[in-house]
Amino acid sequence: MGKTIEEINEKIKSGSVVVLNAEEIIEYVAEKGVKRTAKEVDVVTTATFGPMCSSGAFLNFGHPDPPIKMTKVWLNDVPAYAGLAAVDAYIGAAELSETEGMKYGGAHVIEDLISGKPVKLRAIGYGTDCYPRKEIETYITKDTINQAFLFNPRNCYQNYYAATNSSGKTIYTYMGKLLPNFGNVTYSSAGQLSPLLNDPYYRTIGMGTRIFLAGSQGYISWYGTQHNPGRERLANGTPCGSAGTIAVIGNLKEMSTEYLRACIFQGYGVSIFIGIGIPIPVIDEEMVEFLRVKDEDIYTEIIDYSVKRRNRPSCGKVNYGQLRSGKVTINGKSVQTGSISSYFKALEISNVLKDEIKNGKFYLTNFVAPLPLEEPYINLDILSREELQ
Amino acid sequence: MIKRKLVLSFPENIVTKPITYRLVKEFNLEFNILRAEITPNMEGKMLIELKGDKAQIDGAVKYLSQTGVTVQEAAKDIITDKNQCVDCGLCTSICITQALVLDDKSHKLKFNKDKCILCELCLDCCPVSAIKVHI
């Protein structure tokens with residue numbers, strides 16, 4: 001018989017809930033079998049900690065006197081988008097500083113705000129009868145402004161490609177530094193710990209699901225941009241490349257730099273490590289079948305990033321067991337591998353979330369609406385107005 | 001007589017050439033291979049200390065460059081900043097001698113100084129700038 005979220009939450013309340021992380025469940029199922037696991041385990045905690053460029057924060061600065069309608073905003077010389085109401089702005093993680101270029105960006109501003117550092121706010125406006133001020137320069141912290149919430153349109157990829165470089169020279173990509181002649185392979189998924197790989201058909205993870213977001217309790221607000229659930233899947237439900245994504249939201253003021261870090265990929269730009277943990281309720285035996293997935297059962301393609309086209313060739317499929325071993329084989333040659341997403345941090349988050357649930361600090365939610373299982377994946381083609389009419 | 005410590009990178013196609021032999025024979029240099037990692041189908045790396053006349057050493061460096069060997073001055077030390085590091089392991093894909101590895105059990109980054117040949121390939125690959133040269 002299945003379990004409901006309400007029943008699990010009752011167990012959290014009474015302190016009798018049984019929680020394992022997504023690594024522990026593998027051995028548990030192997031030892032006790034699917035039936036017993038479904039009965040005995042209530043929640044499995046999944047997590048990931050990797051660079052997620054499609055992230056940023058909405059800020060409301062409060063009104064100065066006299067007030068201003070900000071049309072252009074800079075935070076520590078990083079431009080923020082201000083095409084909203086008077087003192088609202090969105091700072092994107094990948095935005096670069098106008099004075100320091102690739103050495104500092106929106107991600108650093110977000111990290112500085114979380115750590116409580118003063119951030120320089122500069123803004124200009126054109127002046128109106130209701131907003132007479134035309135410029136302002138001041139310092140803010142997260143505690144001196146009204147709201148600061150992270151709103152990330154695409155996080156937590158359900159699997160991602162591995163990257164290599166067949167060309168004769170080193171290339172610098174968002175997948176890291178790729179050495180010439182298949183000199184290395186990089187990859188970016190928490191594999192067996194990753195949230196959407198443990199619930200591949202989104203049976204329990206959906207819009208409205210409460211999650212661990214960079215140390216705070218946040219929510220899944222929508223399916224993410226480029227959500228691509230139609231990707232080819234294995235019998236265990238896991239896709240063989242980038243597939244589903246989620247958009248997430250949470251209070252920046254409650255976050256910790258332990259679980260959110262600015263980062264720089266040389267030659268590519270600024271990005272942001274985001275730590276996300278999602279509890280998966282063990283609602284039935286079918287859920288256990290998905291949750292038992294291990295690195296060796298999850299495959300991805302190694303893509304040649306030296307090809308400067310939208311469609312890049314594949315150099316073969318590998319599983320995360322092979323990737324995590326430190327070496328894979330391409331065309332008969334042994335190639336060193338390295339992860340961009342931190343398994344150590346993901347495991348830490350899965351354990352923090354486990355403790356929060358056990359200690360009655362984190363309750364599970366039913367989703368409000370499911371993530372779509374069908375969604376077109378559209379490319380941008382260059383067309384004239386006539387071709388579209 | 002002067003001494004110079006260099007990091008030599010050998011591309012795959014010349015790994016088999018008797019390059020160090022010619023350093024002795026043609027440039028009359030004394031050399032000491034401090035660390036080396038040369039494996040088939042891979043780029044080779046060598047940390048070498050050359051001793052000899054300045055002109056001879058300059059000539060040898062020129063010869064090496066012409067052969068296709070990348071020559072870099074050896075920096076003093078590589079350090080990893082534990083507070084900055086997020087233990088992702090991206091650097092482990094770059095580290096040819098596997099001085100940088102993720103520990104199997106703890107999943108944390110381990111740096112084995114004895115294996116490091118100071119090639120500095122890792123320096124610009126760390127996303128959180130946790131790897132630095134200590135001069």
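User: Quick one on chain A. Which residue in E5(A) does Leu75(A) stand opposite?
Analyst: Val78(A). Keep in mind that this is a predicted model.

User: How do strand E4 and E5(A) pair there, and over how many bridges?
Analyst: The pairing is antiparallel, with 3 bridges. Strand E4 covers residues 72–75 of chain A.

User: What's the strand order in that sheet?
Analyst: E5-E4-E9-E10 in chain A. The sheet is open, has 4 strands and pairs in the antiparallel sense.

User: Which strands stand at the edges?
Analyst: Strand E5 (78–80) and strand E10 (135–140) of chain A. Each has a single partner strand, so one side of each has no neighbour in the sheet.

User: Which helix lies across E4, E5 and strand E9?
Analyst: Helix H3 of chain A, residues 106–114. Its angle to E9(A), which spans 119–124, is about 125°.

User: Zooming out. How many helices and strands in chain A?
Analyst: 7 helices and 26 strands.

User: What radius of gyration does chain A have, against a compact globule?
Analyst: Chain A has 22 Å. A compact globule of 389 residues would be near 21 Å, so the two agree. The C-alpha atoms fill a box of roughly 70 × 60 × 45 Å along the principal axes.

User: What share of chain A is buried?
Analyst: 49% of the 389 residues. On contacts, take those with a separation of 6 or more: 71% are between residues 24 or more positions apart.

User: Domains next. Where are the bounds?
Analyst: Domain 1 of chain A is 5–52 + 155–358, and domain 2 is 62–145. Their centres are 33 Å apart, taken over C-alpha atoms.

User: How many residues does each domain give to the contact?
Analyst: Domain 1 of chain A gives 14 residues and domain 2 of chain A gives 14.

User: Which elements give two or more residues on the domain 1 side?
Analyst: Strand E20 (260–265) and strand E21 (269–281) of chain A. E20(A) has the largest share of that side, with 5 residues.

User: What's the makeup of that side by class?
Analyst: On the side of domain 1 of chain A that touches domain 2, 8 residues are nonpolar, 4 polar and 2 charged.

User: Last topic, chain B. How many residues are in contact with chain A?
Analyst: 19 residues of chain B contact 28 residues of chain A. The chain B side has 8 nonpolar, 6 polar and 5 charged residues.

Terms used. Residues numbered from 1 in each chain as written. Chains lettered and ligands numbered in written order. Predicted model: local features only at pLDDT ≥ 70, side-chain atom pairs only at ≥ 80, totals over all residues. Pairing = 2+ DSSP bridges. Contact = placed C-beta atoms within 7 Å. Axes fitted to C-alpha atoms, helices over the stretch in contact; angles between N-to-C directions. Rg over C-alpha atoms; globule rule 2.2 N^0.38 Å. Buried ≥ 20, exposed ≤ 12 C-beta atoms within 10 Å, placed from the backbone. Nonpolar A, V, L, I, M, F, W, Y, C, P; charged D, E, K, R; others polar. Domains from an automatic or database assignment.
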